[in-house]
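Hello,

Here is the structure I promised to pass on to you. Please open it beside this email, and then read on for what I found.

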Amino acid sequence: MSIIKIDPSRIAPTVADYQTAIQAMVDETAQSLDFRSGDSLASYVTSTVSLWAAQAQAFVAWRDNVWQHAYGELAKVQAGEREQPSVEVLIGELPPITWPE
């Protein structure tokens, strides 16, 4: 009996793989400002502390852009308009955040 070896780099990522990686990046971005998570930072959108509110507003707008871009690109894959990217490539294509000054 022969054993077939599968090259893990040739296994296509699942939607869940992309979602997990993107959510980790979103949370890490919030943690870069010492918030516990993306959800925590987003909850400050109506804060009475102007800096926190501004950071949360910028974060929420960026987070929305990130997910819209990711799902748009995955829709292109499903439509046959582009090759399926690795998780790392898709993460690299996501828009950067611009924090308020």
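How are H1 and H3 oriented to each other, roughly parallel or roughly antiparallel? Before the answer, a note on the source: this is a predicted model, where local features need pLDDT of at least 70, side-chain atom pairs count only at pLDDT 80 or more, and totals for chains, interfaces and linings use all residues. Residues are numbered from 1 along each chain as its sequence is written, and side-chain values use heavy atoms, leaving out hydrogens and water.

Now the helices (DSSP runs of H or I, at least four residues, numbered from the N terminus). The axes of H1 (residues 15–31) and H3 (residues 50–78) come within 11 Å and cross at roughly 160 degrees; axes are lines fitted to C-alpha atoms over the stretch in contact, with angles from 0 to 180 degrees between N-to-C directions. H1 and H3 are therefore roughly antiparallel, a label for angles over 145 degrees.

Contact means heavy atoms within 4.5 Å. Among the residues that make the contact between the two helices are Ile22 and Thr29 of H1, and Trp62 and Val66 of H3.

Leaving aside neighbours within four places in sequence, Ile22 touches Val66, Trp67, Ala70, Leu90, Ile91 and Leu94. Thr29 lies in helix H1 and is buried, at 13% relative accessible area; buried means under 20% (1.4 Å probe, protein chains only).

Enjoy exploring!

Note on methods:
Parallel < 35°, antiparallel > 145°, perpendicular 65-115°, else oblique. Buried < 20%, exposed > 50% of the residue type's maximum accessible area, 1.4 Å probe, protein only.
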